[in-house]
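Please read the points below alongside the sequence and the coordinates. They are set out chain by chain, with the cut-offs given where each term is used.

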Amino acid sequence: MTSAPGQAIYIIDDDASVRDSLEALFSSVRLPTRTFASAEAFLEALDANARGCLLIDVRMPGMSGLQLQRVLVKRQIRLPVIMLTGHGDVPMAVQAMKAGATDFIQKPFSDQYLLDRVRECLKTDRQAVEILSERQRAAERIARLTPREHQVMELMIEGKQSKVISSALGISERTVDVHRHNVMKKTGTRSVAELIYLSQKALGSAD
Amino acid sequence: MPPGEFHRPPYPFSPRGDFWHSGLLLERHTLSASVQEATVLIGADVEYNRIYKQTRRPPLSIAHSGSAAPGSLQRTVRVSYRAVLLRTLMLGSLFSAILGALFFIYYRAESSHLRSLLAANEQRLIQVANQTILEEASAALSDLRYLSSQSVLRKHVADLDADAVQTLAAEYKVFLEQKRQYDQVRFLDVHGWERVRVNAGADHPEIVPLTGLQNKRDRYYFREALALGPNEIYVSPFDLNVEGERVELPAKPAIRFALPIYEEGERHPSGVLVLNYVGSHLLDKLKLLGEVAKYKLWLLDADGYWLLGPTRELEWGFMFPDRRQSNMAKIFPEAWKRIAAGQGGLIEAGSQVMSFVRVFPLPSQPGHAALAKPMAADRYSWILAAGMDESVLRAQAAAARTKLLNAYGVLAAILILLAWGLAIISVRSRTFARSMEKVLDHVPAMIAYVDKEQRYRFNNRIYEEMWGATPAELYGRRIRDVIGDAAYEAVRPHVEMALSGKQASFERRLDYRLAGPRDVRLTYVPDFGDRGEVRGFYALTHDVTLLKETQKRERQRMLEIAHISRLHSMGEIASEIAHEVNQPLSAIMSYSAACLRTLSTAGGAPETVVKWLNAISADAKRAGEVIQRLRKFAQRREARPEPVDLNAVINEVVTLLRGETLDRGIHVALHLRQDLPPALADRVLIEQVISSLARNAIDAVAEKQSGKRTIEIATRGVDGSVEVAVSDNGPGIPAELAERMFDSFVTTKRDGLGMGLTISRSIAEAHGGRLLGRNNPEGGATFSLTLPTTQP
């Protein structure tokens with residue numbers, strides 16, 4: 001299994017023969033591909049939930065590969081990017097890598113090298129998807145809390161005792177205990193440490 | 001100030017090193033707003049005409065006046081009225097003074113002439129007066145002789161009876177009736193008794209009756225006459241008539257002529273005939289003469305008493321005891337001394353000059369008895385003096401002066417007009433000369449005139465400063481002596497050419513004594529005389545050192561750019577080939593890899609097919625390596641990004657292309673944003689891109705057969721990047737090329753390689769920028785170059 005469900009390799013190159021040959025190469029290793037003749041066409045078809053990796057030719061009429069990269073960064077679409085170039089030079093490569101490209105491959109390339117890089121990218125994307133779904137799960141659990149329970153949780157994460165929480169929120173210690181119980185129950189955590197880990201996951205700062 | 005040096009305003013350039021770099025400096029000067037100092041002198045200089053037209057006011061107030069007469073200044077000069085006034089005053093007073101001196105000399109000569117004229121008149125008057133006296137005196141004497149020779153008297157002289165007396169009285173009466181100049185005729189006997197006496201009377205002579213006769217025995221004239229011999233006549237002094245011991249008043253001047261009458265053979269006289277001459281008769285005649293001639297006529301006796309004098313009071317001083325002092329010897333002692341010593345001449349009496357002559361009224365003529373007592377005729381003398389009355393003299397002199405002054409006034413006015421004219425001419429020419437000198441000294445060129453003996457006859461100030469010579473060290477010196485042998489050898493053939501009548505223009509590097517070695521452009525223009533002979537030549541020398549250096553730098557820079565551009569183009573071509581070839585190569589490799597993988601998963605392919613597919617891959621790879629090596633071999637210049645002011649680059653490009661745009665009548669409009677942030681780019685490469693775009697635009701509009709040919713270059717900042725847009729109003733981008741115009745070897749130009757836009761775009765991309773081209777809705781095309789700024 002080299003690609004997760006929903007993952008695809010997006011090939012963006014104005015040269016039809018390059019596009020088609022790449023498609024042939026990936027299909028030979030059973031990797032799904034989608035091809036686009038220009039950056040504009042790709043952006044038009046782009047789905048926010050698209051997964052996989054991008055193979056972008058640097059030089060295209062209209063929007064160039066580097067510009068497309070910038071647009072994606074702006075739209076917070078964090079698909080791994082491999083830049084392809086017929087005559088890349090150092091400043092262009094530096095620019096592309098700075099903008100977050102995973103690799104910068106010069107044509108003609110060795111098929112194995114390209115496949116290795118693409119597989120790495122797909123793995124990275126998969127992990128990113130997993131992290132994202134974990135974060136989503138944690139966030140969903142925290143979202144179940146009432147506003148008052150959320151307040152109590154924040155103070156629990158800070159390590160405050162029930163007594164301190166009751167005086168901070170102006171409620172009885174017994175009520176605080178009830179809220180604490182509800183927080184643990186709703187988030188499915190068994191200790192404050194677990195609760196902290198969960199909240200950090202939800203914020204995306206874990207790992 | 002040392003002689004020969006003129007006052008000059010401070011010179012704007014330092015004498016050493018970086019000064020008056022002709023061409024360039026001239027241009028800078030003339031383009032600046034301060035054209036007042038600018039150039040007029042280089043007549044051929046078109047710059048002048050341009051300035052003249054621009055300012056509409058000639059610099060330095062010098063203008064071509066067009067139709068001036070040959071030889072005169074062919075320019076108008078603005079003169080200072082103050083200077084003209086001063087000069088007019090100066091010249092006018094000088095002229096007036098000279099004229100005044102001349103008039104004074106003339107006046108002196110005239111007045112001395114007048115004096116001599118007066119003196120001559122005086123002399124003439126005196127002669128006439130003298131003649132009158134002589135005539136009167138001789139008439140009196142002859143009358144007396146006539147009376148004495150009357151027969152009645154002769155017959156009866158010894159015993160004069162009553163009849164005889166009566167006859168005589170009647171005779172005398174007749175006589176006096178005719179001769180009114182006599183007052184009395186008397187005959188006295190030896191005892192002094194008047195025997196006959198006839199008075200002239202008021203209207204008619206009266207015979208004095210017997211009772212009226214008196215004894216005159218004691219009177220001096222009787223006694224003097226009685227002592228005389230026959231035919232001797234006593235002439236009394238000119239004096240006043242005395243009646244009974246007192247001077248008769250009103251005064252009656254008289255001269256008594258007395259003649260003793262002798263009987264034949266008698267030794268003693270029988271009586272005395274006395275003829276009283278009325279002195280006023282003579283004096284009135286003299287007075288009249290004087291009045292007619294407007295002279296003062298004086299008659300003095302031998303002792304200096306006036307008989308006819310300046311005033312009535314001064315006359316007859318000797319007759320009155322209290323007026324003895326009324327004597328010329330007392331009043332004008334100096335004059336009198338001269339009169340007493342001489343017979344005639346000039347004397348000064350008081351304020352007047354008088355001519356005088358000693359008059360001897362009693363002539364001693366041959367045939368007549370000698371005259372007589374109390375002194376001989378040659379000693380009986382008066383003095384006649386004539387002089388112009390002082391007031392008349394003064395009036396005459398004043399009249400002469402007035403006439404002269406009037407003439408002087410008119411002439412002086414004419415002279416002042418003349419002075420005014422001269423002042424205008426001289427101030428004008430001086431002002432012109434000064435302006436000219438100023439212009440000559442400030443023209444950024446060396447100007448000189450050299451005569452045919454190769455001697456400097458004129459030079460401007462810069463000439464002196466360049467050679468480090470004083471004016472005296474240049475004027476009249478030979479060229480060789482001034483500029484030295486080495487420099488002379490360099491210019492000599494041209495000097496000779498100019499002196500043979502041909503204009504010489506050439507460039508040399510000369511080592512100036514003060515300014516050091518300079519590149520100069522020299523022009524020698526021969527100066528022809530009226531008969532076409534060469535009199536010398538005008539030398540105009542421009543310093544072109546800076547211009548030359550600039551040109552040299554420009555050339556070097558152009559070479560450098562060309563070199564870089566060539567290298568870059570090679571790199572770009574290689575790069576383009578690499579790209580173009582790499583695309584199919586990579587497709588080949590991918591396809592063959594896909595084949596291999598597909599075959600392996602399909603389970604068993606013929607071994608040979610796998611081998612061949614691998615060979616395809618390897619060969620494609622090898623081709624890629626060949627391309628890679630080619631690219632490395634033509635390694636293009638490494639870009640050197642730095643902050644670049646695109647506006648400055650555009651200005652430079654436009655300047656470089658000016659010749660082309662002017663030639664083809666293309667209008668270049670610049671719309672450059674002054675607040676444009678600097679681009680981060682390699683200046684040389686970006687200049688190449690802009691230059692290439694501008695050239696394309698020029699070529700595009702040059703195709704237009706009609707209408708205005710316009711190129712527009714605009715700059716602006718677009719969030720985080722800067723954009724240069726080069727537009728033209730040419731035919732635009734052909735539709736069939738719109739997609740491919742940035743590809744290599746695509747061109748619309750007959751002799752184009754089709755790399756310009758390709759290279760330009762690759763340069764733009766190498767900078768992280770973009771190069772786009774599109775057609776304008778209103779026609780023509782716009783290419784826009786976008787580059788990152790230094791602030792990301």
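1. Chain A has a secondary structure of nine helices and five strands, where helices (H or I, at least four residues) and strands (E, at least two) are DSSP runs numbered from the N terminus. Read from the N terminus, its elements follow the order β-α-β-α-β-α-β-α-β-α-α-α-α-α.

2. This is a predicted model, in which local features need pLDDT of at least 70, side-chain atom pairs count only at pLDDT 80 or more, and totals for chains, interfaces and linings use all residues. Residues are numbered from 1 along each chain as its sequence is written, chains are lettered from A and ligands numbered from 1 in the order in which they are written, and side-chain values use heavy atoms, with hydrogens and water left out.

3. In chain A, 46% of the 207 residues count as buried, a term that means under 20% relative accessible area, with exposed over 50% and partly exposed in between (1.4 Å probe, protein chains only). Its accessible surface is about 10,500 Å², and 52% of that belongs to carbon and sulfur atoms; the areas come from the Shrake-Rupley method with a 1.4 Å probe, and for residues only the protein chains shown count as cover. Of the contacts (heavy atoms within 4.5 Å) in chain A with a separation of 6 or more, 62% are between residues 24 or more positions apart.

4. On confidence, the model scores ipTM 0.71 and pTM 0.42. The average pLDDT (the predictor's confidence in each residue, from 0 to 100) of chain B is 80, and 85% of its residues score at least 70. Over residues 1-73 of chain B, however, the pLDDT is below 50, although this stretch has 117 contacts in the model beyond near neighbours in sequence.

5. Leaving aside neighbours within four places in sequence, the contacts of B:W382 include B:I133, B:F238, B:L299 and B:D301.

6. Which helix of chain B holds B:L94? The residue lies in helix α3 (residues 81-148) of chain B, and B:L94 is partly exposed, with a relative accessible area of 46%.
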